[in-house]
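Reader: I am new to this structure and would like to learn how to read its features. Please show it to me, and then we can go through it.

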Amino acid sequence: MKKYFFNLLATALIGTSCSAQSINSNTNLSLSDKKATPETVSLYKKLNQLTQNGYLFGHQDDLAYGVNWKYENGISDIKDVVGDYPALYGWDIAGLEKDDANNIDGIPFAKMKQYIIEANERGGISTISWHFDNPATGKSAWDNTPNSLKTILPGGENHQKFTSWLDKAANFLLSLKDKKGKNIPILFRPYHELSGGWFWWGKGNCTPEEFKTAWKFTFEYLQRKGVHNLIYVYNTGSFSSKEDFLTNYPGDDFADILSFDSYQNNNDTEGTKFIEEVQNQLKILNEIGLEKHKLIAVAEAGYEAVPDPKWWTGTFSKAIGDYKISYVLLWRNHGWQEKEQKMHYYAPFKGQISEKDFIEYYNLDKTLFEKDIKKIKN
């Protein structure tokens, strides 16, 4: 199916259809960082172009570890199942702010850097989130002590500490270079799931104005440090209206992709609630994206341990529907959790109950993996 589909792409991609009534045919898309590197501008254009064909499939920590393996060169649970890597790789830089050698999931930053470089060489794309510690208490990102965010704003008692964290992030982001010495473009998703109350930057822990100030400061500070290889992803948890989604939105000049996270829960075995929620939110987000000339995405998704053998072509595909989104990213395949005494993973692996269905999902024209995006030139 895919081979035939991509033979038709050359004609389809010569120009963008003027009649296509979707965000993805919008010629007004432009990066919020006006000094973005040529490679970053090129990736943003390619992301826009790719939405005409389908959406990128992503997986968190895909190259670092999976179920029953860790740090084996070239290995990926996704590749083991379908013979292809994801188009998008998710990473997290929590730990960087404390000068830790490893990130929050135990991945050495040196290895993460190498995985990002290797993926880029193959044509893959990387996205980075940051579960940074609460700067006011020194506890984890999940320490939602009220008013913690206020302390990092200019004039706040932890402002200097926070700028030192941004310096470390800037150094890491600028160290991501290809063989030609060019900075690798990254989809950067800071302050994620901001509409939930579980992180120190989340709902109920700061005012919308404080959040906007923090976002804009982060955006401008990184650019002052010379970081121009980022595509900024604004990300919420669940929301019920346009106004709800935009409550903390910093403005069109400070974000490039609009997204949300959504997971199917164990009390929703048929996936009915999950489908309904994702569809409702995509409907709202699609409208906002069209109005604001922004790409849209589902930045995190999944169903832990994927117990439904037909989840991929059934529930998950129905949830996305026909919306022209840029990408979806499935959460990580940690494997066995000793403390919780259970398996923790969100993508299939060899022998997993949904493996066959995932192969069917892979073969859908609208799902784009690494080999697919390599075939499409800007």
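Reader: Leaving aside its neighbours within four places in sequence, which residues is Gln281 in contact with?

Author: First, some ground rules. This is a predicted model, in which local features need pLDDT of at least 70 and side-chain atom pairs count only at pLDDT 80 or more, while totals for chains, interfaces and linings use all residues. Residues are numbered from 1 along each chain as its sequence is written, and side-chain values use heavy atoms, with hydrogens and water left out. Contact means heavy atoms within 4.5 Å. By that rule, Gln281 is in contact with Ser238, Phe239 and Phe260, leaving aside its neighbours within four places in sequence.

Reader: Is Gln281 buried or exposed?

Author: Buried means under 20% relative accessible area, exposed over 50%, and partly exposed in between (1.4 Å probe, protein chains only). Gln281 has 2% relative accessibility and so counts as buried. Gln281 is found in helix α9; helices (H or I, at least four residues) and strands (E, at least two) are DSSP runs, numbered from the N terminus.

Reader: Why is helix α10 described as largely enclosed by the rest of the structure?

Author: Because seven of the nine residues of α10 (residues 312–320) are buried. Among them are Trp312, Phe316 and Ile320. The cover over the buried residues includes α9 (272–292), β9 (295–303) and α11 (355–362).

Reader: How do α10 and α11 pack?

Author: Two packed helices are described by the angle between their axes and the distance between the axes. Axes are lines fitted to C-alpha atoms, for helices over the stretch in contact, and angles run from 0 to 180 degrees between N-to-C directions. For α10 and α11 the angle is about 45 degrees and the axes are 9 Å apart. The contact involves residues including Trp312 and Phe316 of α10, and Phe358 and Tyr361 of α11.

Reader: How many salt bridges does the structure hold?

Author: Side chains of opposite charge can pair when their charged atoms come close. A salt bridge is a side-chain nitrogen of Lys or Arg within 4 Å of a carboxyl oxygen of Asp or Glu. The structure holds 15 of them. One of these joins the side chains of Arg189 and Asp261 (3.1 Å, N to O). Arg189 lies in strand β6 and Asp261 in strand β8, 72 residues apart, and both residues are buried.

Reader: Where do Lys212 and Glu209 lie?

Author: Both are in helix α7 (residues 208–224), three residues apart, about one turn of the helix. Lys212 forms a salt bridge with Glu209, with the closest N and O atoms 3.3 Å apart.
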